[in-house]
Amino acid sequence: MGLRPGAAEVQFQRARLLVGALVQAGVRHVVTSPGSRSTPLVLAALDLAASSGRTGGLELRSVLDERAAAFYALGQARATGLPSALICTSGSAPGHYLPAILEAKEAGLPLIVLTADRPVELLDCGAQQTTDQTKLFGSAVSDFAEIDLGGRTDRLSLRALRRTAVQAVFRSRWPRGGAVHLNVRARKPLERQEAGECGTVTAAVDELLAEPVDVGRPRVAPDADVLSRAVQLCRRSERGLIVAGPLTLPPPVAREAGADVFGLGELARRTGFPLLAEATSQSRFLEGSAAGEASCLADCLGAAWVANDGNALPVPDLILQVGAQPVSSGTQRLLETCGAPQVVVSDGTWTDPAGLGSVFLPGDVGTTVASLCSGLKSSSPAAAVEPWRREVLTLCGRFQETVANLVAESGPGDFHDGEVTRQTVAAMPSGALLMLGNSLPVRLVETWVGRLGRRLWVASQRGLGGIDGLVAGFLGSLSTGEFPAGVLVVGDVSLLHDLDGLTAATEYGDDSAAVIVVIDNGGGRIFERLPIASTEAFQGPEGRHWLTPHRVDFSGLAQAFGLPCARVDTTQALQRELAAAMGRRGVSLVVARTARGALAQGEEALSRAMASSSGS
């Protein structure tokens, strides 16, 4: 069952070609987890990382647990726009990748999954650490291929192996981002042998890795006829509204190019429509000059509309929905109530869960928005649009003023989750990465945080909207060095669910400040907003099945992982500890303890204040 003499070196060289071709095609980060069967792949990656300039840069990180490793790699892909590669051993190890693979599919993020496997002669015979890994992830991946590292070494076979790797990178990005699974079989001995009997194979691999490979990704333009219909709807509308839901982080080059990364500000100017940009749309938090020009920005409109009982405005007569479904329940209610035609602009997914869409423009969002702007270039917004926009922005301004007044007047006993979110975002420097937990934090920012006058990039794992892998994903995004600092706002249950993600903090080291702000509210408070909260089961002892209360000492937890930690329960203490954490390098934990019921009281006070201001 072992290799013939000299064949171990052949196995290593084929592994070097496989990993090297991935690097040629665009992979810049590899995340490994410990194991034996993956040894040839890890040795190949280390050899390539040590090479200077031959195949481009390659950085390796080791993360103990495969589930955390997968979300860490997904965070890297989110930040760079390029697939990261995962390497693990055989057996149960690959199964831990599934949650991140599912997120990659739904979020449209590229990922290359290299699962080491036993040779075929060890299948179905009780061999240890052996299971059927063929198409292990089913339809969750964009593509699958089997690779035998002990395969042939003739020129055609080596080129075929290289082609498989390049295709994997392409298919992880086109027609939409997702994971590609390469199941890689290896035989013992797994380590390189001293005998140098494979000089010819080594030379052939070197020659192939010296050949340049450029893998382009096409941009899908919208259908001309459907685009024309969308343009006509915009021209006729008197109360149009642009609603931008979650959108992926643009790649680094686009982030550096300008503030209006998806062209939504320009689209708002062309149409005259207000722009309801959720924080995760990348169009809410702009630099000072760009924010000043964005007089179209209707920040927190959904929350303002709900706080005013939906009576402050006439309903829109057209919705331009860009990106994924909005997170804010207020925005969702506004869209469902108005019943207006909807033009849906998405990155390829069918983004219409309520069945309200009437015109669909799937494809590259930036390209589609640019095409809409071009189609509107020769016309001016309808005359009635300006009063409508002024009315919307007046409501948003009144809402922001009301929030600011409430926060300024709050006392020590009023410290709640929304205030934690507001103060945390306010403490962040320009260009930093804000990652929002998928339970309360991503919703809180839509009520308590308006425009800032500086650029922040906002990440979330809204593909599935789960709490899985939030810490690991955050640290993976920051590990790329693309951001000057980063903050993760996360609930206590979400942090406990991803404790293995904290193992990645030891690998993060002394890179830029990575601050994890934990809202410690006794667990699972999102369920207090759902219909289950009114049931007898929820209100009694059985409510723990939803709330999942805990008694974890987060300070002790931080100490176990070697992280600096501060506990706060007032706004002043939070501001002080955030400033300290942002001023140090590496990972820090800030635990904000909020009182049960304080958030609900704050939201009730906000609704009362809005009702009072509307009558004054």
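1. Arg 576 is exposed, at 53% relative accessibility. Its salt-bridge partner is Glu 577, with an N to O distance of 4.0 Å. Glu 577 is partly exposed, at a relative accessible area of 23%. Please keep in mind that this is a predicted model.

2. The model holds 28 salt bridges. One of them joins the side chains of Arg 67 and Asp 468, at 2.0 Å from N to O. Arg 67 sits in helix 3 (residues 66-80) and Asp 468 in the loop between strand 13 and helix 17, so this pair ties together parts that lie 401 residues apart in sequence.

3. How accessible are the two partners? Arg 67 counts as buried, at 15% relative accessibility. Asp 468 is buried too, with a relative accessible area of 17%. Buried here means under 20%. Arg 67 and Asp 468 also belong to a salt-bridge network with Asp 498 and Asp 500.

4. Glu 121 and Arg 187 form another salt bridge, at 3.0 Å from N to O. Glu 121 lies in the loop between strand 4 (111-117) and strand 5 (143-148), and Arg 187 in the loop between strand 6 (179-185) and helix 6 (199-210), so the pair ties together parts 66 residues apart in sequence. Glu 121 is partly exposed, at 33% relative accessibility. Arg 187 is buried, at 14%.

5. Now the nonpolar surface. Leu 98, Leu 102 and Leu 464 make a nonpolar patch of about 240 Å². Leu 464 is placed in the loop between strand 13 (457-459) and helix 17 (470-479). Asp 468 lies in the loop between strand 13 and helix 17 as well.

Key: Residues numbered from 1 in each chain as written. Predicted model: local features only at pLDDT ≥ 70, side-chain atom pairs only at ≥ 80, totals over all residues. Heavy atoms only, no water. Patch = residues over 30% accessible without salt bridge, like charges linked within 9 Å, V, L, I, M, F, W, Y side chains within 5 Å. Areas by Shrake-Rupley, 256 points an atom, 1.4 Å probe, with all protein chains shown as cover. Helix = DSSP H or I, 4+ residues; strand = E, 2+ residues; numbered from the N terminus. Buried < 20%, exposed > 50% of the residue type's maximum accessible area, 1.4 Å probe, protein only.
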